[in-house]
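Here are my notes on this model. They cover charge pairs, a charged patch and some helix geometry.

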Amino acid sequence: MSALDDTHQTSVYIPFKEPDTDDVESYTLFPDRDLPNGYQLRLAAYKTAWSKCLQRVQELIHALHAPIVDRVAELVNTAYTDTLPGLPYAELPVISVTVFGSSSSIFDEISARLETEGQDGLFDDNTGTHIVTHLFPQDCPNLASAMKTLITGFINKTEEELGILGQAEALELFVHSRHQSASDMGQMDLFEISSFAIPRLPLVFILSMTSPPTPSYIHATYPRSTLARLQVRSCSFSTSQDVLHDILLKTFFDVEFDPDLVLGPAAIEFLVDFSGRHSPSLDGLVSILQLAHMKHFEEPLAVFLAGESLASRDLADPDSAPFLDCILARVQSSSLVPDNSTDWLAEGVDELLVLVRTARVTFQKKSKLLRVSFRLFLLVQNFMASLGHKSEKTLPELMCAVLRGRLGTSYRYLCTLVKKLQAEQLDALLSDLHDFFVDVSAQVQAEERDIISRIDTARSVHSRHNHESRQVAETIGGWLLEYFEHRFVAPEEHPLWDIWYTGSTPFPSELLNPSLRALIFSGLLHPQDYGAIPMIDNNVDGDDEETLWKMSDTSILFQRYLESGKMINVFDWFESFTVVLETQKWHARKDALAREALPRTPSRRKGKGKQRQVEEDESEEELEKWRLEAQARFIRALHELDYTGFIKHTGRKADHVMRTVFDVPG
């Protein structure tokens, strides 16, 4: 007898068996024009593109964190040397680090910095080191647990680390506070006990604070008796809109960095709006960028984003014909094929891949030159801003405008201002333009040799004939206007642009901030929209009694839930649920009999009445088993509704439950 049939078994453990990779079905939203292995190819391309973007963003975030990490390391190194003289007792060093809106990785950076670098300020020894441990609120519900976590955090080290524990420069404790009153009392007791062990045991507390640095949470919460034992130093790092804009600029509009996927104006506008409405969090920035990448790779053509993702053998598969027809139509209608000629089709798939590779090189080249010209535009704009000419548009608005090809008003206005510059101002602008092109790569200099030669000519003419500055300024303004008109071309103008550019595709905001209430109601009322259920047709309306039996058990029970009053009798609920299950069972038996009747010959019809009697006898024998199955299905559906919060138990009537939802949309 198996464990599932044992009535005395209280619980059964079913080990999870991971499916083989080959058995996993390919996920795609466009099965009519996708490759058989398109999901795996797009996933590999996504990992490559996102890893490159993530590495760039993390480098910029680490550069922003560097000053605060250096400051904390300096305070730790001087915690027991930079003290006030004449104190009656040693003060416990406490460093309050406020990271409002910053990335949580800053504490990992501080911890790694302290563990790898050590400069002994207490013992004048360059071989000093730091031993770091962390205290989290869930690990310290009371003082005993806090002390246990503190001690085990230091002694659970390797033998090498334990050997230097007695000579450690400082023992750092990262206290990740959540500002709860229960943990505040434990922290005050922890500070008091730790103050008795210093300086023999050089403890340094680093507090992770999420509240604003002003007013100080520590000084507003802890009593004077506790503050008298502490030497509090504060370090704060808060992000702002300007920080997020700078990261966007250096990631997707940098001269030296080439992202595999270019972010479109729709994603940029959502990111700016989200950070402005909620909080300019760096973690939120990373999540939004990752979702934008994931959304883009739902498109089957995204497999061409990386050059090595697709080979001729993948397109030679007969199942790849719909995908091949789609890309052939796109290439044929693009500027890659002159005069819509069809001669290239005779070359086969290899010629198609060559054309796609050509489109990739063209897009990357044009995109890089667009970034160069946009940074040149910002240089001229910042120069004019230093002279008092302020811009009415923000940096994200300028980014979106240049991607849409709608920056004409702004750069024409700048070029008009350039034509009116005086001699000294023109000389400063020409120097900035010259320095800008000196710092770019040789490849960019080769592409921009025309404008570079014009700038050099203007500098030499202006240095020799200073009295002709007005004419030189007008010439430079005309050159810049011509340059911007030539370079500021929207990425949509390039062939096959949607492979490497997100464009105006709406950002999937529901993935970042979903409407859970509406989604739960929609899933219960229309489960066919969220999964392939054999009995449910896509045209099924859950409100129709004739088709209610086609719904899932939870949806059936929820429909009866909507028809009840404030109090629901569980037995009546079960009876109404069983009626639908009986209809479901009758339809299943009817379909089974219809399938069995198809191959029958006329000679077998003689025993038809006897067969019906056998079926009736079998249904009587299995009636009790069917009741148990109905009860189990009811309890499972009831538990799901209870878990999602649709019912509330009451102690007044044991056989009743209360409805918690009355206004159901749709």
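1. Start with R277. The model is predicted, and R277 comes out exposed, with a relative accessibility of 65%. The cut-off for exposed is over 50%, so R277 clears it.

2. R277 has a partner. D273 makes a salt bridge with R277, and the closest N and O atoms are 2.9 Å apart. D273 is partly exposed, at 37% relative accessible area. Both residues sit in helix 9 (residues 265-277). They are 4 residues apart there, which means a separation of about one helical turn. An α-helix has 3.6 residues a turn, so residues three or four places apart point the same way.

3. Which residue pairs with E299? R33 does, in a salt bridge whose closest N and O atoms are 2.8 Å apart. E299 lies in the loop between helix 10 (282-296) and helix 11 (312-315). R33 lies in the segment before helix 1 (38-77). The pair therefore ties together parts that are 266 residues apart in sequence. R33 is partly exposed, with 21% relative accessible area.

4. Is R560 buried or exposed? R560 counts as buried, because its relative accessibility is 14% and the buried class is under 20%. The side chain of R560 meets that of E563 in a salt bridge, at 3.2 Å from N to O.

5. Some salt bridges share partners. Such bridges join D553, E629, R633 and R636 into one network. How many salt bridges does a search of the whole structure find? The search finds 23. Side chains of opposite charge can pair when their charged atoms come close.

6. E256, D432, D435 and D439 form a negative surface patch. Patch members have no salt bridge and over 30% relative accessible area. D439 lies in helix 16 (residues 423-439). D439 is exposed, at 63% relative accessibility.

7. Last, a check on helix 13 (residues 349-386). Helix 13 has 38 residues. At 1.5 Å a residue, helix 13 should span 56 Å. The end C-alpha atoms are 55 Å apart, which agrees. Just after helix 13 comes G388, with a positive phi of about 105 degrees.

Methods. Residues numbered from 1 in each chain as written. Predicted model: local features only at pLDDT ≥ 70, side-chain atom pairs only at ≥ 80, totals over all residues. Heavy atoms only, no water. Patch = residues over 30% accessible without salt bridge, like charges linked within 9 Å, V, L, I, M, F, W, Y side chains within 5 Å. Areas by Shrake-Rupley, 256 points an atom, 1.4 Å probe, with all protein chains shown as cover. Salt bridge = Lys/Arg side-chain N within 4 Å of Asp/Glu carboxyl O. Lys, Arg positive; Asp, Glu negative; His and termini not counted. Charge placed at Lys NZ, Arg CZ, Asp CG, Glu CD. Helix = DSSP H or I, 4+ residues; strand = E, 2+ residues; numbered from the N terminus. Buried < 20%, exposed > 50% of the residue type's maximum accessible area, 1.4 Å probe, protein only. Expected span 1.5 Å × (residues − 1).
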